Structure formats: C-alpha cells, structure tokens
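Please keep the sequence and the structure in view while reading.

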Amino acid sequence: MTRDWLAIKTTPLTLGIPLLGILLLLQMTALPQRFDYWLFDAEVTTSPAPLSEDVVLVEIDELSLDRLGRWPWPRDIHARLIEKLHAAGADTLVFDILFPEPSPYDAELAAAMRSHGKVVLPLYLSPATRNYLISEQLPTNTLASAAYAMGHAHVELDADGIARGLYLRNGLGDRLWPSLAMAAYNDPETAYVGGESGSAAAFMNIRKHYRAVPLAGEAGTLPSYSYFEVLSEQPAPDRFRGKTVFIGATAPGFGDILPTPFSGLNRPMSGVEFHANSFSALTGNELITPLPRALSIATAVLTIVFLALALPRMRPTRTLMLCLTVTVALVVVHSLLLLGARLWLPIANALLMPFFAFPVASGLRLAMTNRFLNRQLDDLARGPHMALPEPSRRNPAQLLEHFQALLQPRGWWLSEDDDLLSSHQLHAEEIPPLQPDQWLHTNNQSWIQLQRGRKRYTLGLLLPNDLSREAIQRYLRRLPLGAAEQEQKPTKPSENISARIERVKLATDRLNNLQQFIRRSFERMPDGIIVTDELGVIRFANGHIEEWFHEPMPSLAGLPLVRLLEGHDPRETPPWHETVSETLTLNQSRTVDLNIGDKDFLIHFAPFALPDSEQSGIIANISDISELRAQQRQHREAIDFISHDVRSPLVSQLALIEQLKRNPGHIEPGQLEQLGRLARRSYHLAEEFVQLARAEQLTETRFYDCEFLAIVENARDSVSEQAAEKGIHLALQGNEDLWLKGNAELLERAVINLLTNAVQYSPGGSTVSIQVFRAGHQACLTVSDEGSGIAPEELPHLFDRYRRQKSSELSGNHGTGLGLSFVNVVVEKHRGEIAVSSELGEGSAFTLKLPVADPLPNS
C-alpha cells in the first residue's frame, strides 16, 4: 500500500505560491538585471536609432596629435578652430575638452567663443584631490563667462560595465547641470536648475532624469573630421553650415572610451561620440525613458496570476504552448514600448516566470499523477488477473484425480517412492524403466516419473484401446509436468521510482494478459460478437462479423449497427431501427432472425451498462444456424417423404390385402405380383432412407484401407442383372489398383446408385461406360450413359434431397430423390468432389474424384 503524505493538486494557489517564491529569490540575484540588459542591447542594436543630419564630429585623433604636438595644446589653437568653424557656418560648437586651469591664451579663446556666440563647454564633478570632497570642476572664469552654456560630461556605466545612457541633470546639492547634449539643445537660461530649497546638502551628488541613449551604430558611425584637417584647410561650409559640431578626443591614448551595446570592449566608443549620439537622439525625441521598477514587479506578478489561473485548467500538451505564447507576448510588448513609445520596461522578472511555470506545473501534475497511479496500482494489485496454475505445481495425487475426470482411463497407478497410493488394473511389474519428467507410452499404457522435492512419484494410466488413444498420448506429451524451476526472488529496487516502474510493469503485464485473453476468446468464439455504444454505433466486432458481412474491420468501427443490418438484410416488419432502439430505450433483450446471402443467423441483442459509469450499449451475439435450419428442413422433408412416398405404397398394399380378404378364393397372380411390387417399393424407399442416414453419420474413425477398382467392379456386378434385362452393356475401363482411406460399403452403394440411374435412364441396347483412372493425387470414376440427358435448369438441384427430375416423372421413372443426394453425401464425407455434365438427347456423365491414400507412391 502506498501512502499519500501530501495531497498535491494543480490549483492556482499551489502553482502561484511557488512562482511568487521564485520571484522573490530572483530579486536577490543579478540574473533579471543581466537579462534585461541583454534584451535591451539585442533590440537597440537590431534597430539602431536614426542619425540626425545636423550633428558632426571633429576628432582629436592620432593624426592631429602627430601634427600639432603633444597634449595639451595651447588654447589659441582651439581659438583658431572656432574661427574656422564659425567661418564655415557651424551653428553650435560643443567641446568635450576640460579647461579647469588658467592658460595664457584664455583671453584669445574667450574672444573667439564670444565672436561665435554658441560654444558649449563641459564640466565634471570630482574631488580636487583624494582627501577632498567632491566638487564642481568648472572651466576658468574667463572661459565660463564667454561660454554659451555649460553641461556635465558624465556618462553612466551600468552594472555590467556597458554605457547605455546618462542623467540629463547632475550636480551638487540643489544646483543641477544639464548634460552636454541637453546644454547644446536647450536655451542658455536653462543651463542649470535649482532644486527645492534645502532639499539636499551642497556636497551631495544629485542625479536626475536618467535616459537610455539609442545609438545610431557602433563607433565611427557619425560623420567625423580630423581636428588637424579642419584647422589646416579652408573653411568648408558644405560640411558644417547650420550643424552642431562636437569636438573631442578619439585617440586611444586619452582613455576617454566607453563600451557600448554595439561592441562591448571590442571596439569602444569615445565619450565625445557618445555625447553626439545623445544630442542626435535628443533632437529626434529618441531618448528612452526607463519605467519604474515597481511596474516591472507588477508585470511579473500579473504574469504569475495569469499563469496560475490558466495552466491548471489546460491539458498538459497545451501548457508548453501557453508558456511560449506568454513569453512571445511579453517580448512583443517590450519591443513595442521600447522601439515605438521609447519606454524601457524591464520584463526579465515577468519573462522568467513562464520558464519556471512550465516545470512547476509539470512537477505538480507529475506528483498528482504519481499519487493517482499509486492508488490505481494498489487497486490493480488487489484486482483479479488472468493466471492459470501450472500443472507442474500440482500434487501428483491431484493430477491423477484430474486425469481420471478428464480422460476416464480404464486403469491407473500412483506410488510415492516405494509406497503405493492408488491403483486399478495396473501392477508394479508393469512399470517400465522411466526417465524423470518424461512420458513413456507402451501400447495403451502411459507412464511418467515425477520429482517433487525429495520424493519420487510414479504415475501410470491405462487408456482406452481405440482411435482416441494416440490423440491422448500426444496431449500428455505436451503437458509440462516436470518440476518447476525455482524462481529467483526479485531484488527490491533501491530507488522509489524503480519500485513504481516495476509495479507499473507488473500491472501492465496483467492487464495485457487479460486483454489478450478476452480478445482471443472473442475471436475463438463460434458466434459473431458486436459491441455498440449508447447510440448503437459499433465499437468492437470479432472476425466472424468481418467474414459473414464481408466488411473490412476498419469500416466496421464507427458504423451504426442499424445501417449494417439494413444493408445486408433489409426488412420492414419489424424494422431494424425499432429493434435496436427498443433494446436501448427499454433496456430489454431481443432475439431476431437474420439472413445474409444463403446463410441463416440468429441475432440476440442484450443491453449492458458499464460499472461505475453512465455509459451503456448493446452486445449483439450472432449465431450461425444455417446447419440447424438445414437439419430442420431435412426433418420436414423427411416427414413429407414418409407421409407421402412411404405411406402411399403401404396404403395401396393394405387396400389390396383387404380386397383379397373379401374374396380369398379368387386370388389372381396379377394381384400377388402387384402386392409384391408395392412391398419391394416400400422396402427400397426404406433402404434408401436408412443408407442416407448412415452416410450422414459417417466419420473418419470408420475409414480403413480399401481398393477403389474392386469397389467399382462389385458395384457393376450388382447392377449387371438389371442392365441385362434392358440389354444394356456395362463397359468397365481401368486396371490400376487405387487404394483409399474410406468406407468401402458406402462407396460401393454410391457407385451402385450411379450405375442404377444410368441403366434406368438409358434406352435398351445402349452402353453405359465406366472409367476408373488416377489423376494426380485423386482416384476418379466416370459413369457415362446414352440416355435422354438432364435439362439445364435441373442441373443445379440435381443432388438436393427428395428432388425428382420433371422429365423422369413424366416418363414414368418414379424415384425417391434420395439416390444422388446419398452419393453427394458419401463423396463429401470422403473429402472428394462430384461433377456432372449432360446434354439433352445425348446422355449424361457423372465424375467422382476421391483422394488416394498414397499421394506420393514409389516409382
């Protein structure tokens, strides 16, 4: 017996609580965050942001450093660059170069900045030295007063070290500076904003309004020009007119590089190019706003609620499909928000829930299934199963008792070692030398020695000395009576699952054996079996139904029983649908005749109901009663024959005898001759009737070796006198001995009937030809006459009982109609065949073919 320590069911509660626990555990790991980063990177790199045409990059590259000298350069060089770009018509200049310390050329640079009018300078927040607090590192006062606007140059690195965005506002305390891109885009009056009074300490680093930057591509995507080339060439209005120019270092030696979603650390992007991408996204309203973390958790909780409500109601095969559908739906929502509305909803928590929901739901279902299977296995172990006790396990005394009931032996012997247990008409001196567990048959005695433990038993049977003896002895040889091998006790599985698998295997084997037994039993039953459901639709049929109705088994399943019956035996009273429906509706059995072709059947409809279920149906048992009906017809025909053919001459005899009694002194010879003729006719009718009955009861147990040519010669001699009276010559052709296994007496009578008919229907002075020959493995006889022949319409009914030819009756040859029927029965009993060919006015020929006893004779 199994114990259910915990009643586990797949419900919204049992599924939702584990998923909520998993969600809480995930918050303690970096997995959801890393997953959100990966999904964000995959989407923004698949669909890069459009690049603004008003953004240009001037790079401090390796060429510029090589031509203009080591960094830092004198600030008059930057002044000349501003003049060049101003002459080229550049709209806004954004420097990503820090100027925190004074320089001799600050005045010249400030003058160039004022002359242009829209130059944005960067600042950064950091401690002046290690021992100082964080502070604002601004450009020199001369440059700051000349700048159009100032913005912070900080770019935020996420937990995985990748730069995906920045804070639009950053500063100390209440003074928040815009980013470089925002400073270049907004009005100078919004260069910085103040917070609420006293909301933060002056030394606190405050950051607000984080935005993810969708890059236009990997490093080098923006149009860029070398600092040296711009400085050394003539102004190029076609490159810079009306554009915002970002100026900064791109040479690797500066160290101002940022890993991005496009490249990671393989090909990092310079800080100035990242700010240029930020400005491009800002002007195109492409910056991405992250949604609050609480909304991400809420999405995960809603996903859990949906899965907990939906999965327990679904079939297991659809659970995986639903989980995949939820996953795809979340990814689609994430993509629409990110690429369409520019909102970043971290969905990793929600996205991981279907992946955990599927195994959790499957585990709950498996636990529930396991619990159910344990109960079913216990029920199966206690239920009946088909197992027959082996004869080898039975006690020898019990074996003898069973043999006595089954075989009815004339005598027996049973001894244990040297002690006699039981005997009858067998004695100790008759026991032959025996081998253990092997039958020894000598004439009609059968002996066996059985070993049971340490005891030796001797069992003997005295069988009837008839034809059944050999069959019984063959049957005894097949019986496994030897001692059964000691079965090894199966080792107990160490794992619980292995024990359950063994129990399932044992229960499955028992069910399979029981199903095989039921199926084979249905197939071996002499009757046809049909099982229908509650609507009269066939759900099972055995092989007899397929054979009798000539319907293939696949077409029978699902076919209404009424349609099957109407298609083969249409009837109006009572109609089949009425019989079938009454069986179901009234729950009453019905028995009806059924005719299929030339066969007669009896169909019995029996309603049934499945236990512990509301399902019901019909079991239709169809019995082949063709032989029974044929016997009934033969019985009626026999009664008609006796009442007419036999009774008629007897009545005539009685009338003639009464006439003789009234006038005993005047008995004429003609009257006596008529009386004798009537008596012979009565005897002949009775003899034919008796011979036919003997032929029908003939079995192969009454067969013996007989020679066919001798049988035909004896039959010819018996008919020779009758032939001589009409002057008919009986010509026998054949000289080969043909040995048969059969009954010579009945075969001779059958040949006599054929010869008698030939003589009777042949004209005087004609010849009846008798040919005996061998054809392959058959002994053949052909009887040919020169009579009037047989009408074609009478040939199919020639061997029917009590059937007389119309032409014979009209010609005055009155018969019983049993002669040829007798011949046909005898031939069939001998596994032979008979054929007839006839032409009107030319005669008839009857041919018998019987199997010979030596199909492969020695040459």
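Which residue of β18 does Ser415 stand opposite? In this predicted model, the residue that stands opposite Ser415 is Leu420 in β18.

Strand β17, which covers residues 411-416, pairs with β18 in the antiparallel sense over 5 bridges. The two strands belong to an open sheet of 5 strands, whose order is β18-β17-β21-β20-β19 and whose pairing is antiparallel. At the edges stand β18 (419-424) and β19 (440-442), and because each has a single partner strand, one side of each is left without a neighbour in the sheet. On average, neighbouring strands of this sheet are turned by 10° against each other, direction ignored. Helix α14, formed by residues 396-407, packs on the sheet and touches β17, β18, β20 (445-452) and β21 (455-462), while its direction makes about 10° with that of β21.

**Pairing around β26**

Strand β26 (residues 616-624) runs antiparallel to strand β22 (residues 528-532), and 4 bridges join them. Strand β25 (residues 599-609) also pairs with β26 in the antiparallel sense, here over 9 bridges. Ala620 in β26 is the residue opposite Ile530, and Phe605 likewise stands opposite Ala620. The hairpin of β25 and β26 has 6 residues between the strands, and in that hairpin Asp612 takes a positive phi near 55°.

**Helix α5 and its surroundings**

In helix α5 (residues 106-116), the buried residues are Asp106, Leu109, Ala110, Ala112, Met113 and His116. Seen down the axis of α5, these buried residues fall within an arc of 160°, so they line one face of the helix. Ala107 and Ser115, on the other side of α5, are exposed; for Ala107 the relative accessible area is 55%. The elements that cover the buried residues of α5 include α4 (75-87), β2 (92-95), β3 (119-127) and α6 (141-146). Although Ala107 and Ala146 are 39 residues apart in sequence, the C-alpha to C-alpha distance between them is 9.5 Å. Just after α5, Gly117 takes a positive phi of about 95°.

**Nonpolar cores**

The largest nonpolar core has 45 residues, of which Phe708, Leu740 and Leu781 touch the most other members. At least two residues of this core come from each of α23 (708-725), α24 (744-760), β30 (767-775), β31 (778-784), α26 (819-829) and β33 (843-851). Among the contributors, α24 gives the most, with 10 residues. If neighbours within four places in sequence are left aside, Leu781 is in contact with Phe708, Val712, Val751, Ile770, Gln771, Val772, Phe846, Thr847 and Leu848.

A second, separate core is made up of 36 residues, including Val58, Leu109, Val119 and Tyr227. Ser64 lies in helix α3 (residues 62-68) and counts as buried, at 0% relative accessibility.

**Aromatic pairs**

The structure holds 13 aromatic pairs, and two of them are set out below.

| Pair | Distance between ring centres | Angle between planes | Arrangement |
|---|---|---|---|
| Phe95 and Phe99 | 6.2 Å | 65° | edge-to-face |
| Phe246 and Phe279 | 5.7 Å | 55° | tilted |

Phe246 lies in strand β12 (residues 244-249) and Phe279 in helix α10 (residues 271-283), so their pair ties together parts that are 33 residues apart in sequence. Are Phe246 and Phe279 buried or exposed? Both Phe246 and Phe279 are buried. Phe95 is buried as well, at 1% relative accessibility, and Phe99 is buried with a relative accessible area of 4%. Elsewhere, Tyr37, Phe40 and Trp344 form one aromatic cluster.

Conventions:
Residues numbered from 1 in each chain as written. Predicted model: local features only at pLDDT ≥ 70, side-chain atom pairs only at ≥ 80, totals over all residues. Heavy atoms only, no water. Pairing = 2+ DSSP bridges. Buried < 20%, exposed > 50% of the residue type's maximum accessible area, 1.4 Å probe, protein only. Arc of directions from axis to C-beta. Contact = heavy atoms within 4.5 Å. Core = buried A, V, L, I, M, F, W, Y, C linked by side-chain atoms within 4.5 Å. Axes fitted to C-alpha atoms, helices over the stretch in contact; angles between N-to-C directions. Phe/Tyr/Trp six-rings, centres within 6.5 Å; stacked < 30°, edge-to-face > 60°.
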